[in-house]
Amino acid sequence: MDTQAVSLKSSAPASEPVAKQGASAPTPRSSAAALSQSEMRQRMAAVAQQMRDYLRSNGREMEFRVDADTHAMVITVREAASGKVIRQIPNEEALQMRQYLDEWSGTFLNVST
């Protein structure tokens with residue numbers, strides 16, 4: 001069995017600390033937590049636009065929508081020229097299953113206690 005070793009050493013010289021406590025540059029996790037909902041939406045919109053632009057340059061279109069029945073986010077990729085659906089995430093079967101489970105979820109709970 002071949003295994004590949006992964007080096008976890010820092011590229012910083014040994015005399016320099018890798019991270020200083022209270023440093024001004026936040027880690028990705030802390031910067032995401034510090035973002036307001038408005039800022040997060042703006043960043044998500046920017047990423048979505050970049051994806052749309054990339055797909056459009058390849059003859060495809062991307063649509064984001066919220067399914068009316070399940071309230072799930074649905075992403076649809078279509079061929080730009082014909083409008084044919086290339087991929088939908090989640091697919092129709094998954095949306096139908098989610099709707100079915102949502103409708104029947106109360107029947108599986110024992111509410112007599």
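I began with the charged side chains and found Glu63, Arg65, Asp67 and Glu92 linked in a network of salt bridges. I count a salt bridge when a side-chain nitrogen of Lys or Arg is within 4 Å of a carboxyl oxygen of Asp or Glu.

**Ground rules.** The model is predicted, so I read local features only at pLDDT of at least 70 and side-chain atom pairs only at pLDDT 80 or more, while totals for chains, interfaces and linings use all residues. I number residues from 1 along each chain as its sequence is written, and side-chain values use heavy atoms, with hydrogens and water left out.

**Chain overview.** I noted three helices and three strands in the protein chain. Along the sequence they follow the pattern α-α-β-β-β-α. Helices (H or I, at least four residues) and strands (E, at least two) are DSSP runs, numbered from the N terminus. Of the 113 residues in the protein chain, 11% count as buried. My classes are buried for under 20% relative accessible area, exposed for over 50%, and partly exposed in between, with a 1.4 Å probe and protein chains only. The protein chain exposes about 10000 Å², and carbon and sulfur atoms supply 55% of it. Accessible areas come from the Shrake-Rupley method with a 1.4 Å probe, and for residues only the protein chains shown count as cover. I also looked up contacts, meaning heavy atoms within 4.5 Å. Among those in the protein chain between residues at least 6 apart in sequence, 12% join residues at least 24 apart.

**Salt bridges.** The count for the structure comes to four. I went through those made by Arg65.
- Arg65 meets Glu63 through their side chains, at 3.7 Å from N to O.
- Arg65 also forms a salt bridge with Asp67, with the closest N and O atoms 3.7 Å apart.
- The side chains of Arg65 and Glu92 meet at 4.0 Å, N to O. Glu92 lies in helix α3 and Arg65 in strand β1, so this pair ties together parts that are 27 residues apart in sequence.

Asp67 counts as buried at 12% relative accessibility. Arg65 is partly exposed at 29%, Glu63 is partly exposed at 30%, and Glu92 is partly exposed at 39%.

**Strands.** I take two strands as paired if DSSP finds at least two bridges between them. Strand β1 (residues 60–66) and strand β2 (residues 73–79) run antiparallel and are joined by seven bridges. Within this pairing, I found Glu61 partnered with Arg78 of β2. The two strands form a hairpin with six residues between them, and His71 in the turn has a positive phi of about 60°.

On to strand β3 (residues 85–89), which pairs with β2 in the antiparallel sense over four bridges. Arg78 stands opposite Val85 of β3, and Ile75 has Ile89 as its bridge partner in β3. Five residues lie between the strands in the hairpin of β2 and β3, where Gly83 takes a positive phi near 80°.

I turned to the aromatic side chains and found one aromatic pair in the structure. The rings of Tyr100 and Trp104 have their centres 6.1 Å apart and their planes at 40°, so the pair is tilted. For this I pair rings of Phe, Tyr and Trp (its six-membered ring) if their centres lie within 6.5 Å; planes under 30 degrees apart count as stacked, over 60 as edge-to-face and the rest as tilted. Tyr100 and Trp104 are four residues apart in helix α3 and are thus separated by about one helical turn. Helix α3 covers residues 92–104.

Tyr100 is partly exposed, with a relative accessible area of 43%, and Trp104 is partly exposed at 40%. I found both residues again in a nonpolar surface patch of about 420 Å², made by Met97, Tyr100, Leu101 and Trp104. Patches are made of residues with over 30% relative accessible area and no salt bridge, where like charges are joined within 9 Å and nonpolar side chains (Val, Leu, Ile, Met, Phe, Trp, Tyr) within 5 Å.
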